[in-house]
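Open the model in a viewer and keep the selection tool at hand. The stops below say what to select next and what is there.

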Amino acid sequence: MAKKKNDDMTTTAMAIPPNVVQYKGVRKRPWGTYGAENTNPIQKVRVWLGTFKTSEEAAAAFDTAARMYHGPKAKLNFPLTNEDNLKNANNLETESCLLLCIVFCILFYNIEL
């Protein structure tokens, strides 16, 4: 007689408990809202990002803070789109130009800080 395969694992779906959130840095509050927090790597403390109505909003807040704290190597909940990459590149160019202008003005006008 041939052995039967145990198909219990393949036929049952993984059930997610009601209080478990699927996003990094997001937790569900007892009253139904979602809180987001991130870790500041320099000060080694948790930073509270706020309370949100949906877990997706909280995850987006986490992603923004993660990019700010950890840069391009940040582990995100949602992958970056091409539009996000263009915005980041434009911001970097603008910030670089502004910084160069400040340094030039300090050196040219001999300003002391």
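A residue is called buried here when its relative accessible area is under 20%, and a salt bridge is a side-chain nitrogen of Lys or Arg within 4 Å of a carboxyl oxygen of Asp or Glu. Both terms are needed at several stops. The model on screen is predicted.

**The whole chain**

Begin with the entire protein chain in a cartoon view. The chain holds 3 helices and 3 strands, and from the N terminus its elements follow the order α-β-β-β-α-α. Switch to a surface view next. The accessible surface amounts to about 9,800 Å², and carbon and sulfur atoms make up 60% of that. Of the chain's 113 residues, 17% are buried. Among contacts with a separation of 6 or more, 25% are between residues 24 or more positions apart.

**Strands 1 and 2**

Select strand 1 (26-28) together with strand 2 (residues 34-40). The two run antiparallel and are joined by 3 bridges. Within this pairing, arginine 27 stands opposite glycine 35 of strand 2. Now move to the turn of the hairpin, where 5 residues lie between the strands; glycine 32 has a positive phi near 105 degrees there.

**Strands 2 and 3**

Two of the facing positions can be picked out: asparagine 38 has valine 47 as its bridge partner, and asparagine 40 is opposite valine 45. The hairpin of strand 2 and strand 3 has 4 residues between the strands, and lysine 44 takes a positive phi near 60 degrees in it.

Then hide everything except strand 2 and bring the rest back as a surface. Strand 2 is largely enclosed by the rest of the structure, because 6 of its 7 residues are buried.

**The salt bridges**

How many salt bridges does a search of the whole structure find? It finds 2. Select glutamate 37 and arginine 27 for one of them: their closest N and O atoms are 3.5 Å apart. Glutamate 37 is in strand 2 and arginine 27 in strand 1, so this pair ties together parts that are 10 residues apart in sequence.

Through shared partners, Arg27, Glu37 and Arg46 are joined into one network.

Arginine 27, at 38%, is partly exposed. Arginine 46 reaches 63% relative accessibility and therefore counts as exposed.

**Aspartate 63**

Go on to helix 2 (55-70) and select aspartate 63, which lies in this helix. Which side chain of opposite charge is nearest to aspartate 63? It is arginine 67, at 4.8 Å. The salt-bridge cut-off is 4 Å, and aspartate 63 is buried yet has no salt bridge. Show its surroundings next: leaving out residues up to four places away in sequence, aspartate 63 touches Leu76, Asn77 and Phe78.

**The aromatic pair**

The structure has 1 aromatic pair. Tyrosine 23 and phenylalanine 78 form this pair, which is tilted, with 5.3 Å from centre to centre and 55 degrees between the planes. The pair links distant parts of the chain, 55 residues apart: tyrosine 23 is in the loop between helix 1 (8-11) and strand 1, and phenylalanine 78 is in the loop between helix 2 and helix 3 (82-108).

Colour both residues by accessibility to finish. Tyrosine 23 is partly exposed, with a relative accessible area of 21%, and phenylalanine 78 is partly exposed at 30%.

Methods
Residues are numbered from 1 along each chain as its sequence is written. This is a predicted model: local features need pLDDT of at least 70, side-chain atom pairs count only at pLDDT 80 or more; totals for chains, interfaces and linings use all residues. Side-chain values use heavy atoms; hydrogens and water are left out. Rings of Phe, Tyr and Trp (its six-membered ring) pair if their centres lie within 6.5 Å; planes under 30 degrees apart count as stacked, over 60 as edge-to-face and the rest as tilted. Buried means under 20% relative accessible area, exposed over 50%, partly exposed in between (1.4 Å probe, protein chains only). Contact means heavy atoms within 4.5 Å. Accessible areas come from the Shrake-Rupley method with a 1.4 Å probe; for residues, only the protein chains shown count as cover. Lys and Arg count as positive and Asp and Glu as negative; His and the chain ends are not counted. Two strands pair if DSSP finds at least two bridges between them.
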